[in-house]
Amino acid sequence: MTPDVKESFSGGPPPAPAALAAKVRTLAPTMTRSMQLVAEAVAGDPAGCAALTVTGLAELTGTSEATVVRTARLLGYPGYRDLRLALAGLAAQQQSGRAPSVTADIAVDDPIADVIAKLAYDEQQTLADTAAGLDTVQLGAVVAAAATARRIDIYGVGASCLVGMDLAQKLLRIGLIAHAHSDPHLAVTNAVQLRSGDVAIAITHSGSTGDVIEPLRVAFDRGATTVAITGRPDAPVSQYADHVLTTSTARESELRPAAMSSRTSQLLVVDCLFIGVAQRTYETAAPALSASYEALAHRHSPRNTR
């Protein structure tokens, strides 16, 4: 009898076939090694695995039937049968139009044209993976909280700080009170002032950056609505987050740290969040945005040199 592993399935609708590969890339780092073997097998050969029974896939990967079912449920499917259907759908999509055979493994002697092609493809894949895995229910809840927030604090360091500044600037231009904090001391001292009705957003690709987790924890304890934008949904930052928005997990290489791809996926989430808030507050957002454009218009006009 196929084991039933209830604790891993979220209860929401299973991901579409196109989202399966993205889900594997995002969750693989948090899986046990045996579950990684199953996930890698289904992502690498969806057509072959779709033809296998749960026992057959367990034998192929050197794992157990229970591990196969746990992996299916962690990926968002009620059971292995649902995963097989998704695999068949993914295989059909791949046969109708395969992605180009290019990777982001840039070599030191690659021609610049190859570098451009590899980077462009990897950025496209990162955005597609993030879009496929983004939880619209969670995003909607964050939009609703931010749209009515008294104040929005954003925490991030390094590349994530740049994303936080981008979000704060966008929100300020539609009339909301938003501040991005990169100094960990200021982040904590500001978080202490938060309360119910405020929103705190932590941006951390790894999900384990202490300088970002600490102010989010303080905001959580103060009763603010807390949000984590992270590539590791099971990382420490999530324990202090009311809502988690997951980004694509990028692979690092010697010539290209993951910061570039992680920032790309974070910016997509930030843009989705901002547009959602702007839509929800359109009556006040539109005039505020127009006013900001008018205030800066003279700076973009040719100077009178006479």
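## A β-α-β unit

Strand 1, helix 9 (residues 159-173) and strand 2 form a right-handed β-α-β unit. Right-handed means that, with the strands pointing away from the viewer, the path from the first strand over the helix to the second runs clockwise. Helices (H or I, at least four residues) and strands (E, at least two) are DSSP runs, numbered from the N terminus.

This is a predicted model: local features need pLDDT of at least 70, side-chain atom pairs count only at pLDDT 80 or more, and totals for chains, interfaces and linings use all residues. Residues are numbered from 1 along each chain as its sequence is written, and side-chain values use heavy atoms, leaving out hydrogens and water.

Strand 1 covers residues 152-155. Ile152 and Ile154 point one way, Asp153 and Tyr155 the other way. All are buried (under 20% relative accessible area, with a 1.4 Å probe and protein chains only).

Strand 1 runs parallel to strand 2 (residues 178-181), and four bridges join them. Asp153 has His179 as its bridge partner in strand 2. Four bridges also join strand 1 to strand 3 (residues 199-203), again in parallel. Here Ile154 has Ile201 as its bridge partner. Strands pair if DSSP finds at least two bridges between them.

## Two helices packed together

Helix 10 (residues 184-191) and helix 11 (residues 210-221) pack at about 10°, with axes 8 Å apart. Helix 10 is therefore roughly parallel to helix 11 (angles under 35 degrees).

Helix 10 contributes Pro184, Ala187, Val188 and Ala191 to the contact (heavy atoms within 4.5 Å). Helix 11 contributes Asp211, Glu214, Pro215, Val218 and Ala219.

Conventions: Axes are lines fitted to C-alpha atoms, for helices over the stretch in contact, and angles run from 0 to 180 degrees between N-to-C directions. Angles under 35 degrees count as roughly parallel, over 145 as roughly antiparallel, 65 to 115 as roughly perpendicular and the rest as oblique. Buried means under 20% relative accessible area, exposed over 50%, partly exposed in between (1.4 Å probe, protein chains only).
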